[in-house]
Amino acid sequence: MLSLMNRLRNRVQPWIAWYWESFSFVGLVVATLFFAVSVTPSLLPRVYVVQGVLSGFSLAIGYGVGVALVWGWQFLELPRPTQKIEYWAKRITTLLAVSILLVFVRQDAEWQNSIRRLMDMPPLESADPYRFFLIAILIASMIVAFVRLMIRSVQRTSRRLERYVPRRISIGVSTLLFVTLAFLVSNDLIAANLLNVADRFFSNADSLIDSGIEQPTRAMSCGSVDSLVTWDSIGRRGKNFISGGPSSDTIAAFTGGICKEPIRVYVGMRSEDLDDVARAELALEELKRVGGFERKVLIVATPTGTGWLDEGAVDTIEYLHRGDTAIVSTQYSYLPSWLTILVDPERSIGSAQLLFDRVYDHWKTLPKDARPSLFLFGLSLGSLGCEEAADLLQTFEDPIQGAVWSGPPFPSKQWATVVRTREPESPVWMPRYRDDSMIRFTAQENHLETGERWGPIRNVYIQHASDPMIWFSPSLAWRRPEWLNDPRGPDVSQRLRWFPIVTFLQVGFDLPLATSVPIGFGHNYSPSSYIDAWVAVTQPTDWTGPEIERLKRRFQDLP
């Protein structure tokens, strides 16, 4: 047994020594620097597990950048330094890189706390550097090992092709072959299958945890036994939306006077025989059945990727108009918005367009003095969908009355155009668009009362300076973003700095954590902001300033 262990050690030790020596010194130095800056703050605070995975990717990518620099140097046939210069350069560079790493890691907890203080979160005593360092090494080792395996495969294929074509051509052909194969496998095989698996997982999870929600008993409620929409087809998010809103009695107890029972219509994805078109048509028929077009306010709402409609948004508008409202929505996905937006953002746009077209086509046939005011609402991926639903040219003859969009995600074309063409003196996180008559922005504090004239169509964007769903962009890899210019948003750390590639990774890793922070920060939008937006857009009557503040306090006190 001892001799076997000795033989195994004699074989393994040389292999480990060879594998370590095969690493590029420049690659390791750049990887160390990437690791160091990966612990600097981004938009949201990170726990050690997320920091470890992020630093692992940064290590691996940093090593790849270093190796690419060496290859570029060799390709250009630039002179190599003398042995003596190289000897001292390696030692000085190693000392500097390690020193930077130690200084940065030591600051990690304070950097994270610089964000947590802005978001009223308890400070960290330690960022668990040993834990996230081990996770980072493990992640980086696996990534680098896989990439090196792919490179060796390219080299072997290239050597075989050299028998038939010149060396440069063989290298190019073999590299193109493996890159194409990797792209096809990752997109058509891995990504597509993972998306389907994720969709099934969230669909099954949705069906498992909705059994405790009681079916409505009122005949005029969506999902009741008299409804065109069967209760089992609605899904957990839709059931919560339909059954969770305030009743007329609840609204009357708070506002006083006579209130109506709010109307909510929701068509889910559980019915396998219904496609997006059929769901939109069913939603319209159900909306007509329950009298949605007889209300004062009608809202076409596009939910998030999971099908969720924020209670802080939908409940508040029902209070402001004393229940004289109707909200209609259709589900288009089970996946979280941050995942859907990366793989299939068109889902929300198509679903929102179909629903709006049907509701709008019926609405414009009604007498103008006997139909509800029509508004749009969307949060997150829902904002992306519904901001493109009401095409200006399509509705020019008979326009809707306005919209509220919160957390518009980075692919939003209309939002991007408005922000890009904003008044130059206004910051990107709180832009001022032209004369403020049609589109305004707000955040934690109310920025809607500018004193300027509102036009007949009022649209409001609610956005946080710390929301990664808004500010993530591929350009972060090579260009410093405008949202880091002074003055910064009130919830963005002054310690945040832009680093090529690494900042892109940091904000990308912020996406899944966008709702993990307290309400009023990141991708969590507060009822107070929604109340300000709805008041500005829908202009409810008989609400004084103190009464609106009382409504804000009511929702602030809710769990």
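Tutor: The buried residues of α10 pack against β1 (263–267), β2 (297–302), β3 (325–330) and α13, where contact means heavy atoms within 4.5 Å. The model is predicted, so local features need pLDDT of at least 70 and side-chain atom pairs count only at pLDDT 80 or more, while totals for chains, interfaces and linings use all residues. Residues are numbered from 1 along each chain as its sequence is written, and side-chain values use heavy atoms, with hydrogens and water left out.

Student: What makes a stretch a helix or a strand, and how many of each are there in the chain?
Tutor: Helices (H or I, at least four residues) and strands (E, at least two) are DSSP runs, numbered from the N terminus; by that rule the chain has 19 helices and 7 strands.

Student: How do you know what span is expected of α10?
Tutor: The expected span of a helix is 1.5 Å times one less than its number of residues. Helix α10 (residues 276–289) has 14 residues, and its reach of 20 Å from first C-alpha to last is close to the expected 20 Å. Helix α3 (residues 48–75), with 28 residues, reaches 40 Å, again close to the 40 Å expected. Just after α10, G291 takes a positive phi of about 85°, and just after α3, E77 takes a positive phi of about 55°.

Student: Why is D436 called buried, and why is D542 called exposed?
Tutor: Buried means under 20% relative accessible area, exposed over 50%, and partly exposed in between (1.4 Å probe, protein chains only). D436 has a relative accessible area of 4%, so D436 counts as buried; D542 has 63%, so D542 counts as exposed. Of the 559 residues of the chain, 48% count as buried, and in α10 these include A278, R279 and L287.

Student: What is noted about the backbone of D436 and of D542?
Tutor: Most residues other than glycine have a negative phi, and most peptide bonds are trans. D436, in the loop between α15 (413–420) and β6 (439–442), has a positive phi of about 70° although it is not a glycine. D542, in the loop between α18 (527–538) and α19 (545–557), has a positive phi of about 60° and is not a glycine either.

Student: Which residues does a cis peptide bond join?
Tutor: That bond joins D486 and P487, with omega about 0°, and P487 is found in the loop between α16 (468–471) and α17 (502–510).

Student: What makes a set of residues a nonpolar core?
Tutor: A nonpolar core is a set of buried Ala, Val, Leu, Ile, Met, Phe, Trp, Tyr and Cys residues joined through side-chain atoms within 4.5 Å. The largest has 105 residues, and those with the most contacts inside it include I299, F377 and W483. Helix α13 (residues 346–363) gives the most to this core, with 7 residues. Apart from it lies another core, of 20 residues, among them A60, L101, F132 and A140. Not counting residues up to four places away in sequence, W483 touches L43, V428, W471, L476, R488, L496 and V507.

Student: How do you know how many disulfides there are?
Tutor: A disulfide is a pair of cysteine sulfur atoms within 2.5 Å, and by this rule the count comes to 0.

Student: What makes the pairing of N524 with V517 a polar contact?
Tutor: A polar contact is a pair of N or O atoms within 3.5 Å; within protein, one must be able to donate a hydrogen and the other to accept it, and residues adjacent in sequence count only if both atoms are side-chain atoms. The backbone oxygen of V517 lies 2.6 Å from a polar atom of the side chain of N524, so the distance falls within the limit. N524 is in the loop between α17 and α18 and is buried, with a relative accessible area of 17%.

Student: Why is V50 called buried, and what does V50 touch?
Tutor: V50, in helix α3, counts as buried at 15% relative accessibility. Not counting residues up to four places away in sequence, V50 touches F509 and L513. The C-alpha atoms of V50 and F509, 459 residues apart along the chain, are separated by 7.7 Å.
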